[in-house]
Amino acid sequence: MTTLVLGGTGKTGRRIADRLTSLGLPVRVGSRSATPAFDWQDRGTWQAALDGVTAVYVSYYPDLAFPGAYDDVKAFTELAVRNGVRKLVLLSGRGEPEAQASERTMQESGAEWTVLRCSWFMQNFSEDFLLGAVLDGVIALPAADVPEPFLDVEDIVDVAVAALTQEGHAGKLYEMTGPRLLTFADVARELSEIIGREITFVRVTPEEYVTGAVEHGVPREAAEGLGHLFTDILDGRNASVTDGVREALGRPSRDFADFVRANAHVWKR
């Protein structure tokens, strides 16, 4: 009963793989550095990664909203089901029409499916991506002054592991958010108060964001895709709180302030 965890070295995937391993369950990490390797951009790697697998956590890199994601997810899902995979758990994005197309592929696959439709991760501020910005004291993004219900990755992991190992989650779409709406300016303010040094938010143009991200080592294609997410997805369409975490686990989602206190050591110099 091996579970393949795609994105197995990423924010959600590595935590899920660790949790399943701690439960004594066989896990195969799906990443370019694993053996066998898995690469979304090389379909020749998919078959070996799927051999002997009965469940898959599907996390698409860089994001389901990126061009080509739907075709990849559709092809992978069809191959997985042909190879005997019985359970699929998809990490999806809230407010992304392209992601919802991939959700439908899972729902129509014939396998047991669970969709985790998630808001922005709190861990974007503590791991890669925006960590450098917080350490520098300036979060510069092309984001409008609209709120987002930031979600703790640990909540995603709890729901994903439950969906992969327990009954009662098949055929469920969990729309998951944190318990509060925060703008990026609010985030900077709460970080400042808890960490004890000033963090500011500065709105920049998409072009300025891409230039800065590339200078910090982000590949240009990924930076341009992220700029699209900021300008198109963070337009207010997700400015509401949902109860997906409670629906799945029977408890509330974690608050941003609790996340900051638990990770304050990451940003302190």
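Tutor: What follows goes through the strands in the order of the chain, with the loops taken up along the way.

The model is predicted, with local features requiring pLDDT of at least 70 and side-chain atom pairs counted only at pLDDT 80 or more, whereas totals for chains, interfaces and linings use all residues. Residues are numbered from 1 along each chain as its sequence is written, and side-chain values use heavy atoms, leaving out hydrogens and water.

Helices (H or I, at least four residues) and strands (E, at least two) are DSSP runs numbered from the N terminus, and two strands are paired when DSSP finds at least two bridges between them. Strand 1, residues 2-6, runs parallel to strand 2, residues 27-30, and four bridges join the two. At one of these positions leucine 6 faces glycine 30 of strand 2. Together with helix 1, residues 13-22, these two strands make a β-α-β unit that is right-handed, a label given when, with the strands pointing away from the viewer, the path from the first strand over the helix to the second runs clockwise.

Rings of Phe, Tyr and Trp (its six-membered ring) pair if their centres lie within 6.5 Å, and planes under 30 degrees apart count as stacked, over 60 as edge-to-face and the rest as tilted. There are 19 aromatic pairs by this rule. In the pair of tryptophan 40 and tyrosine 60, the ring centres are 4.8 Å apart and the planes stand at 55 degrees, so the pair is tilted. The two residues are 20 apart, tryptophan 40 lying in the loop between strand 2 and helix 2 (46-50) and tyrosine 60 in the loop between strand 3 (53-58) and helix 3 (69-82), so that the pair links distant parts of the chain. Tryptophan 40 is buried because its relative accessibility is 6%, given that buried means under 20% relative accessible area, exposed over 50% and partly exposed in between, with a 1.4 Å probe and protein chains only. Tyrosine 60, at a relative accessible area of 8%, is buried as well.

Further along, strand 4, residues 87-93, pairs with strand 5 in the parallel sense over seven bridges, and serine 92 has arginine 117 in strand 5 as its bridge partner. Helix 4, residues 97-107, lies in a right-handed β-α-β unit with strand 4 and strand 5. Strand 5, residues 112-118, is mostly covered, with six of its seven residues buried. Strand 5 also pairs with strand 7, residues 172-176, over five bridges in the parallel sense, where cysteine 118 stands opposite methionine 176.

To sum up the strand part, strand 5 has parallel partners in strand 4 and in strand 7, while strand 1 and strand 2 are joined in the parallel sense by four bridges.
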